[in-house]
Every structure is written in structure tokens, then in C-alpha cells.
Amino acid sequence: MFAFIVSRVLQAVPVVLVVGLIAYAMFAFVGDPVTIMLGTDYTEAQRVALVKQLGLDQPFFVQYAKFMWAALHGEFGISYRLARPVTDLLAERMPATLELALTASVFALLIGVPMGVYTGIYRTAFSSRVFMIFSLIGVSLPTFLIGILLILVFSVWLQVLPSFGRGDVVRFPHWSTGFLTTGGLKALILPAVTLGLFQMTLIMRLVRAEMLEVLRSDYIKFARARGLGTRAINFGHALRNTLVPVITIAGLQIGGIIAFSIVTETVFQWPGMGLLFVQSVQVADVPVMAAYLVMISVLFVLINLVVDLLYYAVDPRLRVVR
Amino acid sequence: MNVLDVENLTVEFPTRRGVLRALDHVSFSIAPGEVLGVVGESGAGKSLTGAAIIGLLEPPGRIGGGQVLLQGHRIDDLPYEKMRRIRGKQIGAIFQDPLTTLNPLYSVGRQLIETMQTHLPLSNADARLRAVRWLEDVGIPAAKQRIDAYPHEFSGGMRQRVVIALALCAEPRLVIADEPTTALDVSIQAQVIALLRRLTQERGLSVMLITHDMGVIAEAADRIAVMYAGRVVEIGGVAEVVRHPSHPYTVGLMGSIPVLDARVERLRQIEGAMPRLNAMPPGCPFNPRCPRTFDRCRDERPELMPARQTAAACWLYA
Ligand SMILES: Nc1ncnc2c1ncn2[C@@H]1O[C@H](COP(=O)(O)OP(=O)(O)OP(=O)(O)O)[C@@H](O)[C@H]1O
Ligand code: SF4
Ligand SMILES: [Mg+2]
């Protein structure tokens, strides 16, 4: 088990290195932070000094190696735009993004899985058809449109939920949370629904398709022939057998939720890492963008690890000694 | 009193082009401790009969007429929840392919315990103890250790033994075994049949044994029902049906079995094919293939009637 985790982490190292390289290269060659930072009025001496200060006069690979070496120590350099350590900036913004992503994921799973089971079992019921039509809207409408529609209905017309920001936040030394105040919780609802809706409907449709497949299987027929209760069959035998593909997709989607939070955070002016990223793109703030992408890649690696461990827990056939 | 009485059982599939009748007035009985063998070509309706008896027809299939009596009480019209308590508890079922009938994610012990606790008031410790005993009884070596193993850790033959334990563990009076050895390696088929016979005889259980294997029937059954195109066309004692078949279809089936204890013989192919459900010929459904067809066969449908030493649905015995 331990060896399995270690080998998985080692396999992930090249992935993170390559993502870092691509991110760094992409950003280093698009846009010129120096001119953006200096504005329109500067001398050549000022420009050279700034280039040297940012280390941009060194060969590309030296820059990249320095960046990754520092990253290994939790240092992502200084933001060109805000002139503050990137690590601090990300640390400040991380709680907002993680709380939003967590709420969106819980929403997607807690509603998506039971709805998938329900529509799978009662596939001909009227309510199932209504759910399926709604789910089509969820998978086909783009995120920003859903966000704007929700703002229109709940903030502008009904005026029951805030349309931007985190609301009241309780601050701790290394964390700030919106979970502890009603204002914070209300502010979470619209962005979390916007962010999780696509994933919710996707998970629901996936669980439904898998349930239909599993309910036709011989072992479910045999479970019925043994007189097991409906609940034990549907939620024990059947649901559990749908889990392996559902875990795979859900894991990817939760990664997607964090990556997609860029759009949602922009729509709702949510002070998270996604918003920071968008603001950094506008001024070619390379250290922030590269650091953000490296973090996202590490996150995907972690999610994949958790997914593998969950397979392990769910399916005994995968528990062979490696 | 019979353990099972099936009376004029009719199963239908509504389709866009009318209702297909897959079982047509099927009748037979099984006495306590009796083994009824059911034979017939693929598609004759053997599995469908079993599914209708345990109330697990796949929609849109439905019972369109007749009744099923278990120890004298009607069970075909029970609500789902009542019928569920009869399944496993009073009627056990054994399926064909042990590779797919066990849930791959639950240990065999868990599946046994779950089944027993659904129907019998057992504590966890008692249920586990009984599960070990069942595994021992069906011949799983080192049952105490193997109880927590998963289905994929057993061979096909061992899995079918587990399936048999699962079908019997809630102490049913009747077992419906649908081709219990067809998917198994030839070398272990005889062992599994012998096991099934021993367990059911010890407990005095009645068995409906569906099979293609005439050797199995000759060895294990007391009576035989021969099915053709959704009907029982001949029924009688095993020796009578095998040695002195009356219905021309049965005669064709038995044609390749010279002696009663020729075990490995399979059903012989008869010229032609069974009619499709939407193209049933008028009169006797066997008439396009029957070597002895005469006028009446094409107009009127024969019901089971006494024929020499058995009962047969054939106008030759009218
Ligand atoms: N959903 C359905 N719609 C229409 N007809 C069906 C349906 N399911 C089964 N049938 C018909 O029911 C008939 C009986 O099938 P059944 O499975 O009982 O045959 P069987 O005797 O068990 O054959 P085998 O030896 O191949 O197992 C077949 O002719 C089949 O075409
Ligand atoms: S009734 Fe006629 S066609 Fe049918 S089996 Fe008898 S002889 Fe053949
Ligand atoms: Mg069958």
C-alpha cells in the first residue's frame, strides 16, 4: 500500500515538471511584463535594470530551472504586478477557491448521485423524464450564462442572494472561511451552484447510465431471486457496482471544478485564485500564472491518487499485489 | 399436497405489432421431494417458466393468464413485497453462469449472511457460523478462511457451489435450477449435479431442473416435462418418457439416446427450426416439422392427453 502510494507520487514528478515547463515557456514568450510594468514613459537604463532585476536576461532554461527549484521550496517568486511574493498571494486566495470548489463538489455529488440512482431505477417515471430534460440544460448551457441567469433571478429580481464577493468572512491565521456566517453561506450559494451544475448533471447522467447497465446484470437478478430488499439491491449491490466509473469521472470533474472556477470567480467577483489568475493574465504576470498552473497540476495528481485509492477500496478485483 | 402447481400459465410480451404469447397454457405440478426435469430446444420457454414462477419476469413480459400455487396458495398475484419474502425463503433459484451471478464486490460470506438474515432471525455471529457450515456443506475446502474471499478468487465450479449454497441457505422448499451445469467445465458437471442431488435429497426439497443434458435428466430427475414453442408437449415419469416417448417431438429428442444411462448425450437436432412467436402455425405448433402430421394437426391445437404411459399434446392419442 505504502509502496503503491510512493510509486504513484514518483510517477507524478515528471508530469508536474512538464506542466511547469509548458506553463513557464508559454507565458515567458507571450506578452512583455517589462513594458507593461514600466508604462509608457521610461528610459533604456530603467528597462535594463528591471530586466536584470526580474532575471529575464538569463537563458530561458536557467530561468525555468530557478523557477522550479524555488517552487520546490514553496517559493514562486515575486508577482510583477503586485510586487509581493506569489506564495503569499496564492495562500491568501486559496481558502476562497477551495471553499467554493468544495461546496460545488459536495453539491454535485450529493444531488447528482441520488438523482442518477433515482432516474436509473424509475427510468420511465414522469419525474425521471423531467430530471433528464433539466440535466440536458445543465450539460449544454455554458457556465457564465448560468451564472448570469442565476444572478438575474436571485439577486436582481428576487433580491435574496448576493451577486458578488464572499460576504462576511471569519479570519484565522492561515485561513479565512465563509462557512461560519449566514452572510458567507448565502454568498456561497450562487457561485457554488453555477460551478457545480455541469458536474452535477454529468454525474447524474453517468450514474443513471451505469445503473441501467448494472440493473440488467445477472448478479442483480440473482439478488432479487434471493429475495433481498429493494434498498439493499439498489443502494448496496447496484450502486456499488456503478462506483468505479463514477469515481473516475467524479475525480476528473472535481479537478475540473477547480480549474473552471476561473470563469465562475470572474462572474461573481469571487476573491479566489481563479480571479487572481485572470487579473495576472491581463498584465502577463508570469510568476503568478506559472505558479497557479503548477498548483493545478499538483492538485490533479493528488486527485488521481485519491481516485486510485478509492478503486482499491471499492473493487476487490483490483487489490492484486503489484 | 403438491409443493408447486402451475395451471394454464400464460406469459405475454406486448409489442407494437400485437401481443406475443411466449408461454401458452403451461401446466405441471411438483410433489414434495420430487425432481422435475424440464427439457426442450433453445427458446422453448423453459427459463421464462422459471422466471414467471418466482415472479421475476422482465418487463414488458407479464403473466397473461393461469395461476401458480405454492403449497396450495396462489403466489402469482401477490404484491411485490410479499413475493419478495417468498423468493429465497420458499423458492430458491440457481442460475446458469456462476461467473456472472455472484456480486463481484461482496465477499461470498457477506452474500450468504445477507441472504440468511433477510429471511431468518439470525444474529451476526450465528449467521456467520451458518455461512461457514454452508460453505463446508457444498464442499468448499478451508471454508473458515475462504468465507471472506471474493468471487473472483474461486474457480467456476467452486463459484457454482457457492451459488447453490446461496440458493439453499434460507431453507426453501422448492429449488428452480436453470441449466446449473451448462456453463461449467465438463469434468466438474457431474460433481455439481451430484452435490445438488445430495443437498436436495437430504432436505427433502422439490426441484425444477431445467437442462439441455439428457444424461443429467436421466440421472437426477423423477419426472420429465418436454417443452416446445411455449407449451408442455409431453410429461411423465423419467423412464417412460425416455424409453417410450409418445409425442413425435420427444421421439425425435430421444432418438440419439440408445440406453437410459448414456450420460453425455445431448439433445439431437431435429430437422427444421422452432416457429417464431409471431409466426405460430395454426393447429399443433410442431406440425411443420412433424413426420406424422395429418389434417387435424393443421386445424386444431392439441392439449395434454393420456398417451400410452405418459401425457402428450398430440392428436395421435385422441
Ligand atoms: N423481451 C422479450 N420480448 C419478446 N419475446 C421474448 C422476450 N424475452 C423472451 N422472449 C421469448 O420467450 C421465449 C422463451 O425464452 P426462454 O428464455 O424461456 O427460452 P429457454 O427455453 O430458456 O431457452 P434456452 O435453452 O436458450 O435458455 C423465446 O422464444 C423468446 O423469444
Ligand atoms: S398433433 Fe400432429 S403434428 Fe402435432 S405432434 Fe401430433 S402428429 Fe405431429
Ligand atoms: Mg434458458
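**Pocket and interface in a predicted model**

Modeller: About 1,200 Å³ of space lies in the largest pocket of this predicted model.

Biologist: Why is this called a pocket and not a cavity?

Modeller: A cavity is a set of points where the probe fits but cannot get out, whereas a pocket is an open set, so the name pocket says that this space is open.

Biologist: Which residues lie nearest the centre of the largest pocket?

Modeller: Among the 35 lining residues, those are Lys221(A), Arg224(A), Leu56(B), Leu57(B) and Glu58(B). H1(B) gives the largest share of the lining, 4 residues. By class, the lining has 17 nonpolar, 9 polar and 9 charged residues.

Biologist: What makes Glu58(B) and Lys221(A) a salt bridge?

Modeller: Their side chains meet at 3.8 Å, N to O. The cut-off is 4 Å between a side-chain nitrogen of Lys or Arg and a carboxyl oxygen of Asp or Glu, so the pair at 3.8 Å counts. Across the interface of chain A and chain B, the rule finds 1 salt bridge.

Biologist: How many residues does each chain bring to the contact?

Modeller: Chain A brings 21 residues and chain B brings 27. The two chains bury about 2,200 Å² between them, with 60% of it on carbon and sulfur atoms. Phe222(A), Ala225(A) and Arg226(A) supply 28% of the area that chain A buries against chain B, more than any other three residues.

How values were computed. Residues numbered from 1 in each chain as written. Chains lettered and ligands numbered in written order. Predicted model: local features only at pLDDT ≥ 70, side-chain atom pairs only at ≥ 80, totals over all residues. Heavy atoms only, no water. Contact = heavy atoms within 4.5 Å. Buried area = accessible area lost by both parts, 1.4 Å probe. 1 Å grid on protein atoms, 1.4 Å probe; cavity = no way out; pocket = protein on both sides within 12 Å on 5 of 7 lines; lining within 4 Å. Points joined across faces, edges and corners; volume = space filled by probe spheres on them. Helix = DSSP H or I, 4+ residues; strand = E, 2+ residues; numbered from the N terminus. Nonpolar A, V, L, I, M, F, W, Y, C, P; charged D, E, K, R; others polar.
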